[in-house]
Amino acid sequence: MHYSLLDLAPVPEGSTTADALRNTGALAQHAEGLGYHRYWLAEHHNMAGIASAATAVLIGHVAGLTKTMRVGAGGIMLPNHAPLAVAEAFGTLATLYPGRIDLGLGRAPGGDHAVMKALGVHHGRAENFPNEVAELRELFGAENPNRAVQAHPGAGTEVPLWVLGSSLYGAQVAAALGLPYAFASHFAPAALEQAFEVYRRYFKPSETLAKPHAMLAVNLFAADTEGEARKLRTSMQQSFYRLRTGTPGKLPPPVDDLSSVVPEGAIPQVNEALRVTAVGNAAQVEQQLRALIATHRPDEVILTGHIYDHAARLRSFEIGADAMQRINLAQAA
């Protein structure tokens with residue numbers, strides 16, 4: 001089972017966007033050495049704590065710093081962009097780094113209504129999502145002399161497409177188009193079980209994918225001790241609470257007592273949204289990952305985690321990679 005990494009290029013309090021981008025480059029190189037199969041970056045806008053807004057640009061930077069690992073979008077919010085522009089950008093990336101670029105596609109705006117207005121996005125664009133995904137697949141295919149517009153670069157690159165989602169809608173689109181499906185279980189797990197079931201039941205084989213391929217997203221907070229790992233997690237818990245209450249900002253430092261910075265009544269809601277999480281020392285993380293894999297039967301796991309300290313973040317993904325390697329060895333035995 002491949003294990004991959006999702007990075008939103010978090011910007012911790014007290015640091016700059018430049019620091020965050022340097023950390024992303026260092027993490028990507030570290031991840032490649034640890035055997036991570038994909039390194040995905042996600043599109044978000046108007047968020048001081050996330051530095052991956054210009055996702056395609058950052059993908060090119062990461063691909064240039066690495067050698068073999070696949071690099072891609074997890075994802076590009078398609079309603080924000082014309083399919084031709086996406087095809088040209090990712091066609092360029094695929095031409096520069098052949099066989100290494102992925103394109104995950106979502107239908108959310110990646111921001112609020114003000115962001116949509118600033119991007120010039122019409123509210124109805126999301127309704128055309130399946131057609132635009134199909135159009136992208138055609139633009140990445142062989143040149144078609146009957147098309148008025150071709151993607152140059154892009155045509156013939158066959159960039160692999162993924163559908164992302166946190167509801168049944170994305171599962172239905174991925175199944176109908178015969179595309180791999182990644183579920184946003186790391187922050188919106190409510191429909192996880194049903195979405196995977198719908199995707200697998202209604203999947204139609206395509207020229208690029210013969211059977212369903214489902215990716216499970218898992219938050220990872222791993223450290224040498226359970227206490228340290230649980231403290232690391234409090235940064236993301238604080239950040240998620242602030243986002244949900246309309247006060248997003250940079251990633252806050254961890255705290256010993258989460259209730260000192262997040263109201264006790266809100267903590268269960270935060271933890272429920274972030275329940276697809278592995279937290280603890282190496283043995284605990286491995287046990288939790290095994291349980292999640294046994295329950296949801298993913299074809300691939302993608303690990304993520306907003307951790308304030310860069311060295312601690314590197315260590316967390318190192319422990320996660322070791323755990324996935326042991327799980328794979330056990331399954332192969």
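Begin with the crossing of helices α5 and α6 in this predicted model: select both, and you will find that α5 passes α6 in a right-handed crossing. The stretches to highlight are residues 129–140 for α5 and residues 168–177 for α6, whose axes lie 11 Å apart and meet at an angle of about 40°. That angle makes α5 oblique to α6, because only angles under 35 degrees count as roughly parallel.

Next, show the side chains where these two helices touch. On the α5 side, select Phe129, Pro130, Val133, Ala134 and Arg137, which meet Tyr169, Val173 and Leu177 of α6. Coloured by class, this contact of α5 with α6 shows seven nonpolar residues and one charged residue, with no polar ones.

Now move to the second pair, selecting residues 17–33 for helix α1 and residues 310–332 for helix α11, which pack with their axes 10 Å apart and at an angle of about 25°. The two helices, α1 and α11, are therefore roughly parallel to each other, since the cut-off for that description is an angle under 35 degrees. Viewed along the crossing, α1 passes α11 in a right-handed manner.

To see what makes this contact, display Asn23, Ala26, Leu27 and His30 on α1, together with His310, Arg313, Leu314, Phe317 and Glu318 on α11. Applying the colouring by class here, the residues joining α1 with α11 divide into four nonpolar, three polar and two charged.

Key
Residues numbered from 1 in each chain as written. Predicted model: local features only at pLDDT ≥ 70, side-chain atom pairs only at ≥ 80, totals over all residues. Heavy atoms only, no water. Axes fitted to C-alpha atoms, helices over the stretch in contact; angles between N-to-C directions. Helix = DSSP H or I, 4+ residues; strand = E, 2+ residues; numbered from the N terminus. Parallel < 35°, antiparallel > 145°, perpendicular 65-115°, else oblique. Left-handed = near helix turned anticlockwise from the far one by under 90°. Contact = heavy atoms within 4.5 Å. Nonpolar A, V, L, I, M, F, W, Y, C, P; charged D, E, K, R; others polar.
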